[in-house]
Amino acid sequence: GPGSTVDIYTGMAKDECDRSLEVTQRRHGRTLQNVKYKIRHELRSKLAAAENLENLPLESYDHIFLVRDEEEKPDKKIVAEVIQMQAILAQRQKQGRFDPVCEIGEKNTVNELFQRGITNYVNTKLILAKALPKLVPPPADMLRIRACIKRQRSVSAPPSRGTFMISACES
């Protein structure tokens, strides 16, 4: 809402993240209104490091979203960030609610997060695995379309059953 601020803690360079946000806004025909954002850049390899996470005002956040970075062992990094943030908040003796939304891609990560008391997660690989078959025409339809194209008849494309977009400053 009005007056909201968003901290984007990312391994992406500030100018690259700014461009990504601008492109996303243009693509959707919307702009961020009443929201200010601050990009907090850190080396990708050091995003989960305690000394860097300690610089974030974790206790002041109303919501925390941890987005996977498609590098080596992304789910392990998410779990490491959760563990580090929990330790930092405990050290600061902040008893507030810590309930981040974590993007995961592996089923076993659910158990690791549950052991830490985290039940708010989105398994994007599972969502895509379930959604893609609904977006792609069945093989019989594809064969019919190919056969029609070979006979040089015009064929309208199968109707789209949905549009999915997942966007973040980590690529």
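**Exercise 1.** Determine which residue forms a salt bridge with D75, and whether D75 is buried or exposed.

*Solution.* A salt bridge requires a side-chain nitrogen of Lys or Arg within 4 Å of a carboxyl oxygen of Asp or Glu. D75 meets this rule with R68, the closest N and O atoms being 2.5 Å apart. Next, burial is assigned by relative accessible area (buried under 20%, exposed over 50%, partly exposed in between, with a 1.4 Å probe and protein chains only); D75 is buried, and so is R68.

The model is predicted, so local features need pLDDT of at least 70 and side-chain atom pairs count only at pLDDT 80 or more, while totals for chains, interfaces and linings use all residues. Residues are numbered from 1 along each chain as its sequence is written, and side-chain values use heavy atoms, with hydrogens and water left out.

**Exercise 2.** Locate the salt bridge between K14 and D18, and classify the accessibility of each partner.

*Solution.* The N to O distance for K14 and D18 is 2.9 Å. Both residues lie in helix α1, four residues apart, which is about one turn of the helix (helices are DSSP runs of H or I, at least four residues, and strands are runs of E, at least two, numbered from the N terminus). K14 counts as partly exposed because its relative accessibility is 48%, whereas D18, at 16%, is buried.

**Exercise 3.** Find which parts the salt bridge between K125 and E106 ties together.

*Solution.* The two side chains meet at 3.1 Å, N to O. Since K125 lies in helix α5 (residues 124-135) and E106 in the loop between β4 and α4 (108-115), the pair joins parts 19 residues apart in sequence.
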